[in-house]
Amino acid sequence: MEVLTLSTYWSELTTSLEPYVPGEQPKDRTYIKLNTNENPYPPSPKALEAIREAAGADLRLYPDPSCDALRETIAAYYGFAKEQVFVGNGSDEILAFAFPAFFSANRKILFPDITYSFYPVYAQLYGIPYETVPTDEQFRIDPKTYAVENGGVILPNPNAPTARFLLVNGIKEILEANKEQVVIVDEAYIDFGGESVAPLIAEYPNLLVVQTLSKSRSLAGLRVGMALGHPDLIEGLNRIKNSFNSYTLDRLALAGAVAAIEDRDYFEETNRKVVATRDRTTAALRELGFEVIDSLANFVFVTHPQKEARELFALLKERGILVRYFNKPRIDRYLRVSIGTDEEMDALLDVLRDIS
Ligand code: PMP
């Protein structure tokens with residue numbers, strides 16, 4: 001008798017899908033963890049207090065499916081209306097809704113050849129064809145290359161993992177060339193010195209700006225992301241979200257996110273620290289002979305003309321420091337290093353000095 005294995009029941013898509021491989025989350029907490037762009041500082045104490053309070057209150061009850069209090073807080077903070085704000089369980093979930101909401105199987109979407117590796121996974125999952133747009137040898141994005149026939153555009157700004165940043169005018173050029181399609185700007189790393197294009201949503205009804213509380217508000221573990229855009233785009237996201245009843249934010253996330261957004265002083269203070277450490281680390285790495293792409297994110301993308309990135313990755317790991325190495329064409333000469341505390345970056349620099 002034929003023995004049926006589980007994979008016998010999988011669809012063609014399931015077997016051909018190449019799922020996203022997230023950065024390592026080691027159980028061993030002794031590592032200096034510079035591999036997944038988390039913030040080295042704890043979340044706002046006010047956010048933690050709000051989460052504790054919410055845990056002691058109404059967990060018996062379902063959360064607000066429309067997340068009104070959080071959307072109002074975000075709208076007030078950025079000077080928009082609640083109808084221009086969407087929230088999700090991390091920006092990854094918002095992107096998972098945005099692909100089927102705005103892109104279709106009929107036309108190719110565009111994103112940079114070197115970029116966040118989730119985009120091709122979502123495209124594959126939803127049967128959306130895509131074309132990657134070449135970056136130059138230094139991973140720079142040229143807005144002109146996005147003025148071609150397409151069914152939508154998505155790009156992170158700053159880009160990941162390269163840290164390359166486009167000024168507002170560059171994004172405007174892409175928007176001007178693509179007025180009939182949705183353009184998604186993924187601003188996961190915008191709060192570390194870049195200028196957001198969120199104010200442009202009033203001018204461009206096809207612009208969706210996606211941000212997260214995972215990086216600049218130290219809440220990767222709470223899973224909260226937000227999108228800003230024309231009410232019609234927000235409505236599109238809601239239609240997808242409401243087709244999966246399980247997808248609202250939980251009560252702890254809603255309470256913590258409101259308090260984190262409201263605690264502007266803490267946010268600005270921790271971001272200032274991360275930026276100062278990044279700039280100091282960039283200078284020190286250059287002194288050690290590394291080429292470092294100028295970064296406005298909470299990570300740096302670095303290469304050494306004489307040393308193999310894969311070997312450096314392994315040596316650092318042996319010495320208790322985890323960074324990110326991508327075994328992919330063009331970027332396999334590079335390491336992506338998240339910005340930790342000053343002490344953590346000093347430990348990294350000490351090891352690199354030692355093995356130089
Ligand atoms: N976009 C980019 C460019 C990212 O690097 C990340 C983090 N890996 C995300 C989105 C998702 O972040 P989160 O789901 O934690 O909001």
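Q: Into which domains is the protein chain divided?
A: In this predicted model, the protein chain is split by the domain assignment into two parts. One of them, domain 2, covers residues 45-262. The other is made of two segments, 23-42 and 265-354, and is called domain 1. The division is therefore into domain 1 (23-42 + 265-354) and domain 2 (45-262).

Q: How many residues does the contact between the domains take from domain 1 and from domain 2?
A: Taken over C-alpha atoms, the centres of domain 1 and domain 2 are separated by 25 Å. The contact involves residues of both domains: 23 residues from domain 1 and 18 residues from domain 2.

Q: Which element gives the most to the side of domain 1 that touches domain 2?
A: Two elements give two or more residues to this side of domain 1, namely β10 (299-303) and α9 (264-287). By class, the side holds 13 nonpolar, six polar and four charged residues. With five residues, the element that gives the most is α9.

Q: Why does the protein chain count as being as compact as a globular protein of its length?
A: The chain has eleven helices and 13 strands. For 356 residues the globule rule gives 21 Å, and the chain is as compact as a globular protein of that length because its radius of gyration is close to that value, at 21 Å.

Q: What share of the contacts with a separation of 6 or more joins residues 24 or more positions apart?
A: Buried residues account for 44% of the 356 residues in the protein chain. Among contacts in the chain with a separation of 6 or more, the share from residues 24 or more positions apart is 71%.

Q: Which helix provides the largest share of the shell around the ligand?
A: The residues around the ligand include Gly90, Ser91, Asp92, Tyr116, Asp186 and Thr212. By class, the shell divides into five nonpolar, five polar and two charged residues. Three residues of the shell, its largest share, come from residues 90-102, which form helix α4.

Q: Is Lys215 buried or exposed?
A: Leaving out residues up to four places away in sequence, Lys215 touches Asn37, Asn39, Ala188, Tyr189 and Asn298. A residue is buried if 20 or more other C-beta atoms lie within 10 Å of its own. Lys215 has 25 C-beta neighbours inside 10 Å, and therefore counts as buried.

Definitions and conventions. Residues are numbered from 1 along each chain as its sequence is written. This is a predicted model: local features need pLDDT of at least 70, side-chain atom pairs count only at pLDDT 80 or more; totals for chains, interfaces and linings use all residues. A residue is near a molecule or strand if its C-beta atom, placed from the backbone, lies within 6 Å of it. Helices (H or I, at least four residues) and strands (E, at least two) are DSSP runs, numbered from the N terminus. Ala, Val, Leu, Ile, Met, Phe, Trp, Tyr, Cys and Pro count as nonpolar, Asp, Glu, Lys and Arg as charged, and the others, Gly among them, as polar. A residue is buried if 20 or more other C-beta atoms lie within 10 Å of its own, exposed if 12 or fewer, and partly exposed in between; C-beta atoms are placed from the backbone. Two residues are in contact if their C-beta atoms, placed from the backbone, lie within 7 Å. The radius of gyration is taken over C-alpha atoms; the globule rule is 2.2 Å times the number of residues to the power 0.38.
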